[in-house]
Amino acid sequence: MPSYGGHVGPLATKDREPRQARKGAAVTVTAGAEVWLAWLPLDSSGDLYSSMSYQVLARKWRPRDFGQMVGQGHVLRALVNALDSQRLHHAYLFTGTRGVGKTSIARVLAKALNCEKGISSTPCGVCSACLEVDEGRYVDLIEVDAASRTKVDETRELLDNVQYAPARGRFKVYLIDEVHMFSNHSFNALLKTLEEPPPHVKFLLATTDPKRLPITILSRCLQFNLKRLSPDQIADQLQRILAAENIAAESGALALIATAADGSMRDSLSLLDQAIAFTGGALNVHDVAGMLGTVGTEQVLPLLSALAAGDGRSLILKARELAEFAPDFAQVLGEMLSVLRRVAVFQTLADEVAELDERDLVRTLAAQISPEDCQLFYQLGLLGRRDLPLAPEPQIGFEMALLRMLAFKPDVASPTVGVSARIPASPPVVVAAPPAVVPSIPTRVTPLTPDLSRPVVVAEVVPPSSARGGGSAAVALDWAETVARLETTGLVRELARHCAIRSFDGRVIELAMTTLYENLRSERQVRGLEAALTQVLQTEIVVRFGEGGTSAGPTPAQQLSEAEAARQAAAERQMERDPHVQSLRQQFGATIERVTPKDP
């Protein structure tokens with residue numbers, strides 16, 4: 001028995017008159033021996049109430065073909081090419097957040113597969129199959145809500161009919177929405193059918209959480225990830241819909257709705273329905289902002305202007321004026337961050353600003369805020385928005401975030417920090433450098449960097465002793481640079497790094513080393529060092545070791561260690577002279593703690 005929205009009931013039999021008369025449009029329906037009489041209420045003009053035939057915008061403007069889809073070009077291109085070339089997969093998976101068109105695309109695909117004019121990417125929309133799909137009553141399109149059919153018995157019952165041919169159409173299409181709600185047993189029951197379905201069956205799966213799907217299901221489907229729609233795409237579609245509905249709207253109002261929809265076209269249409277009811281038909285920025293409880297650019301620009309001017313009194317007054325409207329302070333901080341991003345982009349592009357559709361207010365603000373302050377305000381705004389739930393009240397957290405931006409704004413006029421001056425925005429972090437560690441030198445390296453605190457020591461090479469027949473002339477040799485050029489690794493290189501040169505006559509090199517590294521001096525390592533030196537110096541080299549320790553100067557390993565220690569000491573002296581560190585010491589009694597990091 002259909003319902004007509006008015007009074008419906010068995011009031012009379014065929015051979016009797018109705019018991020009483022009622023004002024309205026009467027409809028009689030015969031059901032056996034009973035006569036059912038329905039009175040449909042009329043408005044003051046004598047017409048049926050329009051609410052009985054009203055359809056919400058989200059349903060009325062659901063896409064009927066691929067050409068009406070908003071965005072998702074990467075998905076539509078693949079589906080259009082597949083349909084036109086008849087290269088059809090048996091299972092499609094559409095993923096994405098709510099309201100981006102997953103079910104709509106699946107229904108259009110089902111219509112394209114069963115259109116009586118043939119399989120194509122442009123279904124006719126007028127045949128019985130297309131009309132029934134649009135009306136949701138096509139017998140061969142089985143729509144399943146997985147959230148309400150989680151039991152394995154229900155899934156098996158559904159799949160028992162897969163083997164039967166479609167009743168009317170070309171394909172039997174199973175559209176399973178929110179498929180991630182299936183239980184593991186239901187997925188297991190679906191696996192075999194999903195992998196090798198009959199040729200007359202197509203599976204269209206949709207989900208907002210593909211991570212919850214087993215990998216075995218994902219591997220059997222052709223997966224398409226639908227993107228969130230941009231505010232511009234949503235606003236353009238809303239403008240087209242309102243033009244067709246003959247409803248006036250300001251572009252700023254549509255921009256607010258598009259932003260509040262958060263990438264969902266369905267959410268934007270629901271908000272548009274709400275806005276039409278709230279404003280009485282004509283949408284304006286003020287009313288829509290009041291309905292959404294949002295704060296626009298015009299409301300946050302005075303706050304940013306006060307921050308740029310360093311006017312704390314004006315900043316607090318503007319913040320409390322804004323608080324009278326009971327806004328969402330997290331959203332206010334988000335709008336401030338959005339404006340700061342636009343200011344930073346405006347300042348960066350310089351001569352290319354003509355390509356930006358920025359308001360004059362943002363242009364003016366870009367001239368008031370320095371790039372450094374813009375980055376500082378943005379970072380502190382992010383931290384304030386993160387910590388807002390921890391504040392005693394949202395308004396308190398919001399005001400403290402603004403005051404923090406003002407307090408940490410650097411004072412450019414006075415570089416020296418006094419007792420009453422502001423603390424710098426980002427004081428240097430005092431971290432001690434790790435202790436000097438002598439790393440092993442790789443096979444091919446650049447020459448060792450000399451110690452910048454003192455000149456490089458080139459060994460004063462003494463002529464070989466007379467015991468070796470020392471008539472040869474002495475040859476100057478930079479031992480550290482020579483070791484760095486050696487094409488060797490392992491123990492041979494370690495032996496060279498821990499030796500100091502005593503003399504070199506062009507053929508014989510006399511080296512000395514401490515007893516601490518005597519274990520490196522084996523016959524094999526010495527022969528390897530001679531071979532490496534011969535290759536570097538392009539002459540046959542003989543290596544000999546003298547007695548008495550390293551009296552000829554520092555070894556390459558010692559030079560590197562001394563250079564690291566000198567750099568560490570220079571860095572510590574520079575940090576101690578830093579004016580910010582000195583200010584922290586004077587005002588708070590801060591101390592520098594030298595910490596040696598431990599090896600992991």
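The structure is a predicted model, in which local features need pLDDT of at least 70 and side-chain atom pairs count only at pLDDT 80 or more, while totals for chains, interfaces and linings use all residues. Residues are numbered from 1 along each chain as its sequence is written, and side-chain values use heavy atoms, with hydrogens and water left out.

**Confidence in the model**
- The mean pLDDT of the chain (the predictor's confidence in each residue, from 0 to 100) is 77, and 77% of the residues reach 70 or more.
- Over residues 1-23 the pLDDT stays under 50, and the model has 43 contacts for them beyond four places in sequence, a contact meaning heavy atoms within 4.5 Å.
- Residues 43-51 also have a pLDDT below 50, and this stretch makes 10 contacts in the model beyond near neighbours in sequence.
- Where pLDDT is low, the predicted coordinates should not be read in detail.

**The chain as a whole**
- Of the 600 residues in the chain, 39% are buried, where buried means under 20% relative accessible area, exposed over 50%, and partly exposed in between (1.4 Å probe, protein chains only).
- Among contacts with a separation of 6 or more, 70% are between residues 24 or more positions apart.

**Residues in loops**
- Gln72, placed in the loop between α1 and α2 (73-85), is buried, with a relative accessible area of 4%.
- Leaving aside neighbours within four places in sequence, Gln72 is in contact with Val100, Leu226, Lys227 and Leu229.
- Gln86 lies in the loop between α2 and β4 (91-95), counts as partly exposed at 45% relative accessibility, and has a phi near 60°, a positive value in a residue other than glycine.
- Glu178, in the loop between β6 and α6, has a phi near 50°, which is again a positive value in a residue other than glycine.

**Helix α5**
- In helix α5 (residues 152-159), the residues Val152, Thr155, Leu158 and Leu159 are buried.
- These residues lie on the same side of α5 because they cover an arc of only 120° around the axis, the arc being that of the directions from the helix axis to the C-beta atoms.
- The face of α5 turned away from the buried side carries the exposed residues Asp153 and Glu157.
- The buried residues of α5 are covered by elements including β5 (141-145), β6 (172-177), α6 (184-195) and β7 (201-207).

**The largest pocket**
- A pocket is, on a 1 Å grid over the protein atoms alone, an open set of points where a 1.4 Å probe fits, with protein on both sides within 12 Å along at least five of seven lines, and its lining residues have an atom within 4 Å of a point.
- The largest pocket has a volume of about 1500 Å³, a volume being the space filled by probe spheres set on the points, which are joined across faces, edges and corners.
- Its lining has 40 residues, of which Ala255, Leu256, Thr259, Thr297 and Glu335 lie nearest the centre of the pocket.
- The elements that give two or more residues to this lining are α8 (231-245), α9 (251-260), α11 (285-292), α12 (297-309) and α14 (329-349), and the largest share, eight residues, comes from α9.

Methods: Helices (H or I, at least four residues) and strands (E, at least two) are DSSP runs, numbered from the N terminus.
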